[in-house]
Amino acid sequence: MTHDAIQEDRSGLDEFAITSFEKLHGDKWDAASDGIQALDEQIDYSDMLACAETYAGNHSAVLHRALGIIDG
């Protein structure tokens, strides 16, 4: 599963075509996808989420401005 191999599967699509990984690649990458999924299931994202929540809380004014959200 390389970037080039994945892009090669996409080469026949029209620009801005919408598809799914399954429709595009079929079962060609099942083993690699299963391996990635297994690794993802082992990751505890709670620390990362806690850090993101703290950051967002500390920088809410900047984030609101960037998103065009007006307080009040």
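A surface patch here is made of residues with over 30% relative accessible area and no salt bridge, with like charges joined within 9 Å. In this predicted model, one such patch is negative and is formed by Glu 22, Asp 27, Asp 30 and Asp 34.

**Confidence**
- The protein chain has an average pLDDT of 89, and 97% of the residues score at least 70.
- Confidence is lowest in helix H2, residues 21-25, where the mean is 85.
- Helix H4, residues 46-58, has the highest confidence, at 94.

- Glu 22, one of the residues forming the negative patch, lies in helix H2.
- The relative accessible area of Glu 22 is 63%, so this residue counts as exposed, the cut-off being over 50%.

**The loop between H1 and H2**
- Gly 12 is located in the loop between helix H1 (3-10) and H2.
- With a relative accessible area of 70%, Gly 12 is exposed.
- From Gly 12 to Leu 24 the separation is 12 residues in sequence, and their C-alpha atoms are 10.0 Å apart in space.
- Phe 16 is also found in the loop between H1 and H2.
- Phe 16 has a phi near 65°, which is a positive value in a residue other than glycine.
- Phe 16 is exposed as well, because its relative accessible area is 74%.

Terms used: Residues are numbered from 1 along each chain as its sequence is written. This is a predicted model: local features need pLDDT of at least 70, side-chain atom pairs count only at pLDDT 80 or more; totals for chains, interfaces and linings use all residues. Side-chain values use heavy atoms; hydrogens and water are left out. pLDDT is the predictor's confidence in each residue, from 0 to 100. Helices (H or I, at least four residues) and strands (E, at least two) are DSSP runs, numbered from the N terminus. Patches are made of residues with over 30% relative accessible area and no salt bridge: like charges are joined within 9 Å, nonpolar side chains (Val, Leu, Ile, Met, Phe, Trp, Tyr) within 5 Å. Accessible areas come from the Shrake-Rupley method with a 1.4 Å probe; for residues, only the protein chains shown count as cover. A salt bridge is a side-chain nitrogen of Lys or Arg within 4 Å of a carboxyl oxygen of Asp or Glu. Lys and Arg count as positive and Asp and Glu as negative; His and the chain ends are not counted. The place of a charge is taken as NZ of Lys, CZ of Arg, CG of Asp or CD of Glu. Buried means under 20% relative accessible area, exposed over 50%, partly exposed in between (1.4 Å probe, protein chains only).
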